[in-house]
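Hello,

Here is the structure I promised to pass on to you. Please open it alongside this message, and my notes follow below.

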Amino acid sequence: MVRSSRDGANPGTWRREAGTVVRRAAALPEQAGGPFAIFAGSRVPRVPTEWAQHSHPLHELVWVRGGTLTSRVQDRIFTVSEGHGLWMPADVVHGGRATAGAEFHDAFFAPDRTPFAFAEPIAIAMTPVLESLLTHLSRTDLDAAARARAEAVVFDVLQPSERQFTLRLPGDARIGAITEALLDDPADRRSLDEWARALGTSDRTITRAFRHATGLSFAQWRQALRVHWALTLLSEGRDVRTVSETLGYAQPSTFIAAFRRIMGTTPGAFFDAADGAPDGVRNPVLGVQNS
């Protein structure tokens, strides 16, 4: 990896956008530890924002509108766009990034009052009902009975998303240079043979290392990484042609095919599914013209 281009970045995550503000974790709501189970709030970071590694004694659910949220948990990177949230169990160490201008929401759940438990971070389907309930719970004028009723419905409707998009980082020294270079520049087009020559090893060794560490081949892992980046770029309103060029694809059709292999649908359909779709996921993206 070219270290100079990622000075200050957390190990194992891609370079920070210019102007990124790094913050400590926000303080927990004052009501935490009180008689209620859920405490919700929201804010709009005006610049790309990164939260340093931290943990909470409460479960946390985070989601965004009009952008994406990326979170690093040990050797995994989670990326969620509008319509999806990320559940972070209590005491799990994590860091995160949100794109500039995204409406950032979080809700904290008291573990002893939450009637379910997800042992690992997991994507949550942010349906209109769930979002509305959590927005309702962010009010400070609710009486105890109204809050208890809303909390009970949240527990009924909160469900994992059908899409669980996670990128596992290899963490293998033999392919560390490849991993770091692609995190630094997902558009890097060097082939498996070129990497083998550069590292003085064989393409078979690289392939085995990627499969052992991630379950994916080198090409599959690079595609998955690029789709993580694509979710962020598309959510910012960039069109498919621009995104495909940014990520090193020769043709938009090649990028769309790769996106479909990873996500099960085209970029346009993925974001447009929000508008009137059965799961009610909203779509902030404009200018995504493909299919």
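**What I found**

Trp221 is buried, with a relative accessible area of 0%. Please keep in mind that this is a predicted model.

Phe210 and Trp221 make a tilted aromatic pair, with 5.7 Å from centre to centre and 50° between the planes. Phe210 belongs to helix H5 and Trp221 to helix H6 (residues 218-235), so this pair ties together parts that are 11 residues apart in sequence.

The axes of helix H4 (residues 192-199) and helix H5 (residues 203-214) come within 8 Å of each other, crossing at roughly 105°. Angles of 65 to 115 degrees count as roughly perpendicular, and H4 and H5 are therefore roughly perpendicular to each other. On the H4 side, the residues in contact are Leu192, Asp193, Trp195, Ala196 and Leu199, and they meet Asp203, Ile206 and Thr207 in H5. Sorted by type, the residues of this contact are five nonpolar, one polar and two charged.

Now to the strands. Strands of a sheet pair through backbone hydrogen bonds, either parallel or antiparallel. Here you will find an open sheet of five strands in the order S2-S9-S4-S7-S10, and its pairing is antiparallel. Strand S2 (38-43) and strand S10 (122-125) are the edge strands, each pairing on one side only. On average, neighbouring strands of this sheet are turned by 25° against each other, direction ignored. Within the sheet, six bridges link S2 with strand S9 (residues 103-109) in the antiparallel sense.

Helix H2 (residues 144-157) lies across S2 and S9, running at about 85° to S2.

Phe109 lies in strand S9 and Phe155 in helix H2, so the pair ties together parts that are 46 residues apart in sequence. Both Phe109 and Phe155 are buried. They also belong to one aromatic cluster, formed by Trp87, Phe109, Phe116, Phe118 and Phe155.

Finally, a few other strands are worth a look. How do strands S1 and S3 pair, in the parallel or the antiparallel sense? Strand S1 (residues 21-23) and strand S3 (residues 49-54) pair in the parallel sense, over three bridges. Arg23 stands opposite Trp51 in S3. S3 is also joined by four bridges to strand S8 (residues 94-98), and these two strands run antiparallel. Glu50 has Arg97 in S8 as its bridge partner.

Enjoy exploring, and do write back with any questions.

Best wishes

How values were computed: Residues numbered from 1 in each chain as written. Predicted model: local features only at pLDDT ≥ 70, side-chain atom pairs only at ≥ 80, totals over all residues. Heavy atoms only, no water. Axes fitted to C-alpha atoms, helices over the stretch in contact; angles between N-to-C directions. Parallel < 35°, antiparallel > 145°, perpendicular 65-115°, else oblique. Contact = heavy atoms within 4.5 Å. Nonpolar A, V, L, I, M, F, W, Y, C, P; charged D, E, K, R; others polar. Pairing = 2+ DSSP bridges. Buried < 20%, exposed > 50% of the residue type's maximum accessible area, 1.4 Å probe, protein only. Phe/Tyr/Trp six-rings, centres within 6.5 Å; stacked < 30°, edge-to-face > 60°.
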